[in-house]
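Hi everyone, thanks for having me. Have a look at the picture first.

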Amino acid sequence: MLNLHQLRLLRELAHRGTIAAVADVLAYTPSAVSQQLSALERKTGVSLLERTGRRVVLTPAGVNLVRHAEVILEHLEAAEAELMESKGVAGPLRVGIYPSAAGSLSGSIFTALRRSHPRLELWVQEIDPSDASNALRGGQLDLALLHSYEGLLPPVEPGVHSTPIFAERMLLAAPADPSALGWTVHETDDPVRKWQDVPWILPAPGTLCHTVVTRLCETNGFHVSSWHRVDDYHTTLGLVAAGAGVAIVPELSAQVVPPGATLTPLPLLRRSSVAFRVGGSAKPAISAFIEALREALPEGLATADV
């Protein structure tokens, strides 16, 4: 009989690439992961892993077993969803939310869920979208609110399904009076290129938002760099108003604009979706969260095209 836990480890190895990465995300030691995978090989009587130096790759038999594991785990998730339907909306719900949405929406979502489903225990964790799929497959999260950008779509993640929720326009935030700062602002209709020679406030390197901003500037013919590295958009808008630089911010985080800052809409959308493990769409808690999320959205975003 195949061991479900060992199948999960093999699947994670297929997605993460190294035993160390599997151990890190699942809070095991690399030795424990290796022992479990070796036990799976002994049980099947087939070589599932091929060791090349310090790296481990799946054999064709291992790849084929992972394919079956995906189906098995999907059916298991669906079975759990059916069981939960009989319990109603109750118990813990571990939710990952990207930081800008966490700051703007998590309090309202929590309040809405406590009012409509008092037996549901919402646990919130800030997480970058690039880390969310691994956390979902690894069982650290039950669902995640993610975002993506036009022209920079995320890769398809095996074992994870997503439902679009809303879209928002990205905005260029700039000081209201750049001439008072001694800045050279180019005379052009391009809302990004006109700021190519002024200071910029960028999200932290390695985040999806940082990649989007730098690529957008490169598309407009210049390389942007700055000493300012800020992930919190409310802090970013405060710095813009103080004349520290210009920045690109999402509409969700610009509902309140400090005096001294102006916003210009850009032809760039950020789309947000709720992601969860394949097979779990029927879980009552997921539907309840989506309903509360839609209720928490500002009026303009609630009807935005996704």
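Okay, so let's start with histidine 147, which is found in strand S5. Keep in mind that what you see is a predicted model. Is histidine 147 buried or exposed? Its relative accessible area is 7%, so histidine 147 is buried, since buried means under 20%.

What does histidine 147 touch, if we skip residues up to four places away in sequence? The list is Tyr98, Pro129, Leu208, Cys209, Arg270, Arg271 and Ser272. One of those, serine 272, stands opposite histidine 147 and belongs to S10. Strand S5, residues 143-149, and strand S10, residues 261-277, run antiparallel and are joined by 7 bridges.

Now zoom out to the sheet. This one is open, has 6 strands with mixed pairing, and goes S4-S3-S5-S10-S6-S9. On average, neighbouring strands are turned by 30° against each other, if you ignore direction.

Helix H6, residues 129-137, touches S5, strand S6 (160-175) and S10, and its direction makes about 150° with that of S5. Helix H7, residues 208-219, touches S5, S9 and S10, and its direction makes about 5° with that of S5.

Next, the nonpolar cores. The largest nonpolar core has 34 residues, and those touching the most other members are Tyr149, Leu172, Val192, Trp195, Trp200 and Val246. Two or more residues each come from S6, S7, H7, helix H8 (233-241), S9 and S10. Take tyrosine 149: leaving aside neighbours within four places in sequence, tyrosine 149 is in contact with Met170, Leu208, Cys209, Val212, Tyr233, Leu268, Leu269 and Arg270.

How many aromatic pairs does the structure hold? There are 2. In one, the rings of tryptophan 183 and tryptophan 195 have centres 6.4 Å apart and planes at 85°, so we call the pair edge-to-face. Tryptophan 183 counts as buried at 16% relative accessibility, and tryptophan 195 counts as buried at 8%. Then there's tryptophan 200 with phenylalanine 222: ring centres 6.1 Å apart, planes at 45°, so that pair is tilted. Tryptophan 200 sits in the loop between S6 and S7, phenylalanine 222 in the loop between H7 and strand S8 (228-229), and they are 22 residues apart. Tryptophan 200 is at 0% relative accessibility and counts as buried.

Last stop, charges. Side chains of opposite charge can pair when their charged atoms come close. This structure holds 6 salt bridges. Glutamate 12 pairs with arginine 11, with the closest N and O atoms 3.2 Å apart, and both of these residues are buried. Glutamate 12 also meets arginine 137, at 3.9 Å from N to O. That pair links helix H6 to helix H1 (residues 4-16), 125 residues apart. Through shared partners, Arg11, Glu12 and Arg137 are joined into one network.

And one more: arginine 115 and glutamate 295 meet in a salt bridge at 2.5 Å, N to O. Arginine 115 lies in helix H5 (residues 99-116) and glutamate 295 in helix H9 (residues 284-296), so this pair ties together parts that are 180 residues apart in sequence. Arginine 115 counts as exposed at 55% relative accessibility, while glutamate 295, at 49%, counts as partly exposed.

Note on methods: Residues numbered from 1 in each chain as written. Predicted model: local features only at pLDDT ≥ 70, side-chain atom pairs only at ≥ 80, totals over all residues. Heavy atoms only, no water. Pairing = 2+ DSSP bridges. Helix = DSSP H or I, 4+ residues; strand = E, 2+ residues; numbered from the N terminus. Axes fitted to C-alpha atoms, helices over the stretch in contact; angles between N-to-C directions. Contact = heavy atoms within 4.5 Å. Phe/Tyr/Trp six-rings, centres within 6.5 Å; stacked < 30°, edge-to-face > 60°. Buried < 20%, exposed > 50% of the residue type's maximum accessible area, 1.4 Å probe, protein only. Core = buried A, V, L, I, M, F, W, Y, C linked by side-chain atoms within 4.5 Å. Salt bridge = Lys/Arg side-chain N within 4 Å of Asp/Glu carboxyl O.
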